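Hi,

Here's the structure I said I'd pass on.

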Amino acid sequence: MFPPNSLILADLIERRGHEPLVLQNEIRKKVKDPEIDSPPFNMTEEDPIKGLKYAAIEVPSGVRGRMSLFGPLIDQAEAAILMDEAPFGFGCIGCARTNELCVYYLRKRGIPTLELKYPKTHDETIELVNKINSFLDQLEEDDG
Amino acid sequence: MVKIAQISCGTEYSGVQKEIEKAASTFGAEIVFPETDLDYIDEAYEKFGFNCASSGIRLMIARAMSIVEGKSDADAVFIATCFRCAEGALVRNEVRRFIQQNTRLPVVTYSFTERTKADELFIRMEALSTIVARKSLLAREKQEGLTLGIDSGSTTTKVVLMENNSIIGTGWLPTTDVLECTNNGIDQAMEGTGYKLDDVEGIGVTGYGRLTIGKKMGADLIQEELSVNSKGAVYLANHQKGEATVLDIGGMDNKVITVNDGIPDNFTMGGICAGASGRFLEITSRRLGVDISELGPLASKGNYKNALLNSYCIVFGIQDLVTSLAAGGSKEDVAAAACHSVAEQVYEQQLQEIDVREPLIQVGGTSLIEGLVEAVSEVLGGINVIVPEYSSHIGAVGGALLVSGLGNRHEKE
């Protein structure tokens, strides 16, 4: 799902019996790692280096650091829901360049993908939730 | 005329466009811009799937799509964006992969500054032109007759004399005066073979001093080192068919070349700092009071984890080294840390830009430093690294091999 820290999307996915690949779990691992101590995320200088798998050396370290967390989630994904034009509170992950790359990688994976625009009205919201639910149910059927 | 498609953003505004065109025309190539129209730009970038904010980069994607979809004709591709642009760096890399996955065109990528000059692009443009214009020559798998290969590198000069697919003489010496060094190298290579320079049927020259020496000696082949080295590497490693990666950690710059059936199809050159070069290892060995030839075996005995040495800069790298020694670090551990640091930085700066294909053939003088070869393999997750015999003479061997395909020198006379 994208943004990968959207609680609303995570909840919708979980309710339909699927596993949401969320950023919070990755950050939790970082925070709870007793080996390292550089709050708040315990990101180390090794992390942007790991991110090189997804973005070249000339890409800013912040993008690569983010990709070291988001990249493996993208690799694991078996389906994707992408939310475009989401406001900050929906689950923004800060860096526009990282977002562009994440969405591109998810599209490139060739997995079932639902692309949506953040709803602006009550009706649009109902329609959006229905679309997500149908997409998730369809995944179940495809999976047998 | 070789047509090089330029896929770029920012070149006009950086003032480097004329330099790019000058570099291409120097090697008989012409820069062309793939055709697109306004509707196609929207269509293409949506199809590509990268929602970038910059319209210049959207145009770049559309131009790449135009090549892949066969709407524009080109023999090679030059991809460039501004240094320090994050979006440019992201898209540049993805566009490169996209073209390589969908076409057989050779591709070069570059990030430029306002100070980029044609000279810096020469080797890249020359390699692109060579791969296209001299494909049949690069496909040559066997050396014939008596030919001489000279590699006038930034640090060392290497000479190889070959006769009927065998190396019969070699020369090696540090580069000072390029012509004098070459003459001495030739003497070394000829010694004991019973031949003299007049007997040679072809001379192939590569390396930084190639133009000066080539002109002076009337060489039959003057060629940049990317294509020559990769040819020499697959020949010596006996891997002329299929895919491979050639890694040359040099004295001044590093080259990583991917090869398919002996023909290079992608490469990266350079590095951010000398901390990722052979020069760093040379200075390390001097600091440790050992000969460079002893550094490899020393490193193999040490553990890099016991010494912290990971600076991008050669000056700070040596500072780390001195600090480690002062803190009681052993020579072995410091040597291992130096090798590991170079391998790691080459990986971070260059190997990531390229789809490394097994086997990796490591060449150049630094391939003789076994600690470095071990570190490269380890950094790449235990990849199969081959160091062929004569690995430090790779450019000279490539030159001697390729020039044998150009006909008989005496017949021409």
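This is a predicted model: local features need pLDDT of at least 70, side-chain atom pairs count only at pLDDT 80 or more; totals for chains, interfaces and linings use all residues.

Residues are numbered from 1 along each chain as its sequence is written, chains are lettered from A and ligands numbered from 1 in the order written, and side-chain values use heavy atoms, with hydrogens and water left out.

Chain B has 17 helices and 14 strands (DSSP runs: H or I of at least four residues for helices, E of at least two for strands, numbered from the N terminus). Its C-alpha atoms fill a box of roughly 65 × 65 × 35 Å along the principal axes. Of its 413 residues, 59% are buried, meaning under 20% relative accessible area with a 1.4 Å probe, counting protein chains only.

Now for where the chains meet. The contact (heavy atoms within 4.5 Å) takes 18 residues from chain A and 23 from chain B. How much area do chain A and chain B bury between them? About 1900 Å², with 56% of it on carbon and sulfur atoms; buried area is the accessible area (1.4 Å probe) that two parts lose on being put together, summed over both. On the chain A side, A:Ile57, A:Glu58 and A:Tyr104 lose the most area to chain B, together 34% of what that side buries.

Cheers

Definitions and conventions
Buried means under 20% relative accessible area, exposed over 50%, partly exposed in between (1.4 Å probe, protein chains only).
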